[in-house]
Amino acid sequence: MSIALPDSGIITQRPMQMPSARGPLSRELQRILSGDADAEALLDVAHTVVADSPDVVRDDDLQLALFVLYELHYGGISGVDDRWEWNPALIAARTVLEDAFEAALRDRVPVPERPEATSAAVSACLFELTAADAGPSVSRYLARRATEEQAREFLVQRSVYTLKEADPHSWAIPRLSGRAKAALVEIQSDEYGGGRPHRMHSAIFTRTVRAAGLDDAYGAYVDQVPAITLAAVNTMTLFGLHRRLRGAVVGHLAAFEMTSSIPSKFYADGFRRLGYDSDATWYFDEHVEADAVHEQIAGSDLAGGLAESDPELLDDILFGAAACLTVEGWAGEHMLTAWSDDRTSLRTAITG
């Protein structure tokens, strides 16, 4: 899906281009979607790749295949028939990947102690969890030390999600009711510009991308980003696409909103330090104010409201929040480690 913002302010969308394969699974999937292979063969390949993978979270082949399969539910892929979205053979193979990915997350993500299933207690727990997050601070690094090249890499890494910002969490809207549903819609309405296309956060982000001289087409840099970046986006979609994980997607969004406002200020400061103007920093400046409001709604009304109405979902709410912090932390650590070693955080450095 490509998002463009012409002078008229009208946003146009186009399917993303098929990314390059990274191994036998994504190569077989590519052949299937182009009509050169039988979809039934994908299941065996998926089982083999999962069995042979030393780490499914950081497996380039697996995470790319999962990302491509998920993209069939979003804006689609250029040249790929939309009827592949619900093909039973692809869904079966995707389930194998999802089961392995979810199992890895549940095994590695540290979940906080369970509070009472009240709005106040859940909100307090989530605020404590996010306040105590000791993950790597990409935002502070960008504010104080990042070079122009590293700032552009950061935008490339973020573009895989941010050019479709809010969509993964929006899957939860029809799966919620009452207070939690109203809270989610309120948050998402702001993300989508409150009915004004030119103020959609994905559209505002294109201004920063263009100011950096980068391609603003959705998916333009999928080939460049590492598996852990794809894993962070796939985590959102995994939680969002499954009704049984509606608690996890709510927890994920709550943590996402609670850890956005202050980092956004640092990001804005960093881009200003590098000479970007207010139009280019608009995206980050917007999130300083918006997410300061959203975090209160997300904690009390969204996550807290869901826990009160459906106490059996509390464990998954906590898991989703912790998974957000953990996986985003892994992605941030990857970037900072690469930059501290004076090398690119991407699979291949960007040029131009």
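On a 1 Å grid over the protein atoms alone, a cavity is a set of points where a 1.4 Å probe fits but cannot get out, and lining residues have an atom within 4 Å of a point. A volume is the space filled by probe spheres set on the points, which are joined across faces, edges and corners. The model is predicted: local features need pLDDT of at least 70, side-chain atom pairs count only at pLDDT 80 or more, and totals for chains, interfaces and linings use all residues. Residues are numbered from 1 along each chain as its sequence is written, and side-chain values use heavy atoms, with hydrogens and water left out.

The whole structure holds four cavities of 30 Å³ or more. Two of them are listed here.

| Cavity | Volume | Lining residues |
|---|---|---|
| Largest | about 50 Å³ | M18, P19, S20, A21, S26, L29, Q30, L64, A65, V68 |

Helix 1 (24-33) and helix 3 (60-71) each supply at least two residues to the lining of the largest cavity; helices are DSSP runs (H or I, at least four residues), numbered from the N terminus. That lining has seven nonpolar, three polar and no charged residues, whereas the second largest cavity is lined by three nonpolar, one polar and three charged residues.

S53 sits in the loop between helix 2 (42-52) and helix 3. With a relative accessible area of 14%, S53 is buried (under 20%, 1.4 Å probe, protein chains only). A polar atom of the S53 side chain lies 3.5 Å from the backbone nitrogen of V56.

Technical notes: On a 1 Å grid over the protein atoms alone, a cavity is a set of points where a 1.4 Å probe fits but cannot get out, and a pocket is an open set with protein on both sides within 12 Å along at least five of seven lines; lining residues have an atom within 4 Å of a point. Ala, Val, Leu, Ile, Met, Phe, Trp, Tyr, Cys and Pro count as nonpolar, Asp, Glu, Lys and Arg as charged, and the others, Gly among them, as polar. Buried means under 20% relative accessible area, exposed over 50%, partly exposed in between (1.4 Å probe, protein chains only). A polar contact is a pair of N or O atoms within 3.5 Å; within protein, one must be able to donate a hydrogen and the other to accept it, and residues adjacent in sequence count only if both atoms are side-chain atoms.
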